[in-house]
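Reader: I would like to learn how to read this model. Please take the features one at a time, with the general idea before the case.

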Amino acid sequence: MYAIVEIAGQQFKVAKDQKVFVHRLQIEEGKNISFGNVLLLDDNGAITLGAPAIEGASVEAKVLKHLKGDKVIVFRKKRRKGFKVKNGHRQYLTEILIESIVASGAKKTEKKETKSGKATKADDLKKVEGIGPKAAEALVAAGVDTFAKLSKKSADEIKTILTQASSTLAHLDPQTWPQQAQLAAEGKWDELKKWQDELNGGVEK
């Protein structure tokens, strides 16, 4: 039996007793964790597909340890310009052990809808000055996919998410991000635009 499950923004094919390396999870070592976003189940040839997830299905795992991945070297050079840049990066990872795949009562789920009847959508976090595509991707992977959720995070919590996602995001200063997100969540775009004109890359001058 195996499952296709989404973990920290990535999809994995997992089976019982398998060890998997995923993007850093904010869970202590030795703790158990459950992943409910199961997209597909194969039980001895009987395949169940989600729409997009399978209701009632989950993958139970145990956090073994937090670590860094192998170093990746990025080297850039321009001919006859004397330009050479060498950078290294080690991704923050978490090793987990798949303990069980729960399929009891599994059935296809439908997209949740709001009172207006429209499916909920993630906000474009890049509208917050200082958040680029990579930072937005890291926030969404951590479950912060709307202005409202971002506004409830402290600058230190956001900094932790960015640092754990990638060392290349550690230099970002998110001090104004929650306040910007609050204005965006309330639809105060004119006020937000006026404030952003006074910021320098999302940082107060």
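Reader: Into which domains is the protein chain divided?

Author: This is a predicted model, in which local features need pLDDT of at least 70 and side-chain atom pairs count only at pLDDT 80 or more, while totals for chains, interfaces and linings use all residues. Residues are numbered from 1 along each chain as its sequence is written, and side-chain values use heavy atoms, with hydrogens and water left out. Domain bounds come from an automatic or database domain assignment. Here the chain is divided into domain 1 (2-102) and domain 2 (125-198).

Reader: How many residues does the contact take from each domain?

Author: Contact means heavy atoms within 4.5 Å. Domain 1 gives six residues to the contact and domain 2 gives eight residues. The C-alpha centres of the two domains lie 24 Å apart.

Reader: What area is buried between domain 1 and domain 2?

Author: Buried area is the accessible area (1.4 Å probe) that two parts lose on being put together, summed over both. For domain 1 and domain 2 the value is about 630 Å², and carbon and sulfur atoms give 48% of that area. On the domain 1 side, Gln26, His89 and Tyr92 supply 62% of the area buried against domain 2, more than any other three residues.

Reader: How many salt bridges and polar contacts does the rule find across this interface?

Author: Across the interface of domain 1 and domain 2, zero residue pairs are in polar contact, with both residues required to be at pLDDT 80 or more.

Reader: Turning to sheets, in what order do the strands of the sheet with E2 and E6 stand?

Author: Strands of a sheet pair through backbone hydrogen bonds, either parallel or antiparallel. Helices (H or I, at least four residues) and strands (E, at least two) are DSSP runs, numbered from the N terminus, and two strands pair if DSSP finds at least two bridges between them. In this open sheet of four strands the order is E2-E1-E5-E6, with antiparallel pairing. Strand E2 (10-15) and strand E6 (46-49) each have a single partner strand, so one side of each is left without a neighbour in the sheet. E5 (residues 38-43) is joined to E6 by four bridges, and Asp43 has Ala46 in E6 as its bridge partner.

Reader: What is the order in the open sheet that contains E11?

Author: That sheet has four strands in the order E3-E11-E8-E4, and its pairing is antiparallel. E3 and strand E4 (32-35) are the edge strands, each pairing on one side only. Strand E3 (residues 19-23) pairs with strand E11 (residues 92-102) over five bridges, and His23 has Leu93 as its partner in E11. Strand E8 (residues 58-68) pairs with E11 over 10 bridges; Ser58 is partnered by Val102 and His66 by Thr94.

Reader: Which peptide bond is cis, and where is Pro52 found?

Author: The bond from Ala51 to Pro52 is cis, with omega near 0°. Pro52 is found in the loop between E6 and strand E7 (54-55).

Conventions:
Polar contact = N/O pair within 3.5 Å; in protein donor to acceptor, adjacent residues only side chain to side chain.
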